[in-house]
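Please look over the sequence and the model shown here before reading on, and keep both in view while the contacts are described.

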Amino acid sequence: MIDLQSVFNILVQTSYAATPLLLAAVGEIIGERAGIVNIGLEGIMLVSGFASIVFAYMFQSPFIGLVAGVLIGGFIGLLHALITAYLKGDHVISGIGINLFASGFVPYGIEAVWGVRGYFTIPASLKVPRIPGTDLSPIFLLSLILGIGSYWFLFKTPYGLILRACGEEPRAAESTGVKIELTQTLASTVTGLFTGLAGAFLAIDWLSSITKNLPAGRGFISLAIVNFANWNPILGIAGSYLFGFFWVLIGWLKLTPLKEVVPLPLMETIPYVATLAVTAGVIGRARPPRFAGRPYRRE
């Protein structure tokens with residue numbers, strides 16, 4: 001029988017597991033609502049996590065590391081926008097390039113900076129401090145605020161309407177004086193900032209380390225959450241906590257007799273299998289913005 005303390009622990013662990021998914025998914029929702037698709041979330045998380053640890057270690061300050069990780073994510077989002085919005089490049093190819101760059105740069109960076117291969121852990125003093133009186137991260141609360149605030153911005157403000165118009169009917173939006181490329185660039189930069197915060201959270205808050213596999217597929221799961229949520233930030237929050245629970249479920253199952261029957265590697269596939277199942281379930285039901293992933297060209 002599970003006692004109240006165990007339930008509370010599961011909720012806390014789920015909140016941690018859901019936070020990077022929530023940040024990346026909501027950021028991507030904002031970008032895709034403006035018409036910019038970025039499948040490079042995995043790479044942004046990885047590079048931002050690496051940057052956050054480098055700067056936190058260099059300046060002995062988790063706050064500086066956090067800011068660095070967020071800014072690096074925003075910079076990558078800006079570059080992606082320049083390629084896709086202004087140069088009319090392929091959104092998917094640009095995202096793949098981000099992931100490939102990260103997969104090569106970060107392992108090299110770990111060895112170049114610390115002289116170790118594949119893994120570096122920071123001391124506890126460089127972790128993001130907890131909320132006083134609790135064991136909760138302030139980034140957990142910030143992620144909820146950003147998620148709810150993004151919904152309010154997209155659906156309750158005129159600026160949100162303008163942004164959504166860029167992803168639905170850019171020609172109509174431009175006829176009213178909206179600068180399509182600028183709006184898309186700002187949205188893509190926000191995607192990078194949110195995802196950069198997710199990577200920094202993983203590195204200097206939750207896991208306190210950097211490895212070449214830091215995101216462990218979370219960027220791709222965030223993309224699935226975007227589809228699951230039908231490009232709605234509130235549903236994105238719900239989807240993030242659902243998939244976050246699947247991550248926590250692995251640890252819980254390891255403590256049960258089931259571990260004697262089911263091999264550990266098979267248990268660790270649960271979040272990914274769940275992603276496939278849920279994504280398959282919403283195929284045909286979710287409707288993306290009409291111009292998401294399509295370079296806007298004037299006639």
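Predicted model: local features only at pLDDT ≥ 70, side-chain atom pairs only at ≥ 80, totals over all residues.

Residues are numbered from 1 along each chain as its sequence is written, and side-chain values use heavy atoms, with hydrogens and water left out.

Two packed helices are described by the angle between their axes and the distance between the axes. Helices here are DSSP runs of H or I with at least four residues, and strands are runs of E with at least two, numbered from the N terminus. The crossing of helix 2 and helix 9 is right-handed, a term used when the near helix is turned clockwise from the far one by less than a right angle, left-handed being the anticlockwise case.

On the side of helix 2, Leu-41, Glu-42 and Met-45 take part in this packing, and they meet Arg-218, Gly-219, Phe-220, Ser-222 and Leu-223 of helix 9, where contact means heavy atoms within 4.5 Å. Sorted by class, the contact of helix 2 with helix 9 has four nonpolar, two polar and two charged residues; Ala, Val, Leu, Ile, Met, Phe, Trp, Tyr, Cys and Pro count as nonpolar, Asp, Glu, Lys and Arg as charged, and the others, Gly among them, as polar.

Helix 9 also packs with helix 1 (residues 4-33), the axes coming within 8 Å and crossing at roughly 55°. Helix 1 and helix 9 are therefore oblique to each other, and helix 1 passes helix 9 in a right-handed crossing. Helix 1 contributes Pro-20, Leu-21, Ala-24, Ala-25, Glu-28, Ile-29 and Glu-32, which meet Arg-218, Ile-221, Ser-222, Leu-223, Ile-225 and Val-226 in helix 9. The residues of this contact of helix 1 with helix 9 divide into nine nonpolar, one polar and three charged.

The structure holds five salt bridges, each being a side-chain nitrogen of Lys or Arg within 4 Å of a carboxyl oxygen of Asp or Glu. One of them joins Arg-130 to Asp-205, with the closest N and O atoms 2.3 Å apart. Arg-130 lies in the loop between strand 1 (119-121) and helix 5 (138-156) and Asp-205 in helix 8, so the pair ties together parts that are 75 residues apart in sequence. Arg-130 counts as partly exposed at 23% relative accessibility, while Asp-205 is buried, with a relative accessible area of 0%; buried means under 20% relative accessible area, exposed over 50%, and partly exposed in between (1.4 Å probe, protein chains only).

Another salt bridge is formed by the side chains of Arg-287 and Glu-168 (3.0 Å, N to O). Because Arg-287 lies in the segment after helix 12 (270-282) and Glu-168 in helix 6 (residues 158-168), the pair ties together parts that are 119 residues apart in sequence. Arg-287 counts as partly exposed at 48% relative accessibility, and Glu-168 as buried at 16%. Arg-290 forms a salt bridge with Glu-169, the closest N and O atoms being 2.1 Å apart. This pair links distant parts of the chain, with Arg-290 in the segment after helix 12 and Glu-169 in the loop between helix 6 and helix 7 (170-175), 121 residues apart.

Some loop residues remain. Asn-230 is placed in the loop between helix 9 and helix 10 (233-253), and its phi is near 55°, a positive value in a residue other than glycine. Trp-231 is placed in the loop between helix 9 and helix 10 and has a positive phi of about 60°, although it is not a glycine. At 33% relative accessibility Asn-230 counts as partly exposed, whereas Trp-231, at 4%, counts as buried.

How values were computed: Axes fitted to C-alpha atoms, helices over the stretch in contact; angles between N-to-C directions. Parallel < 35°, antiparallel > 145°, perpendicular 65-115°, else oblique.
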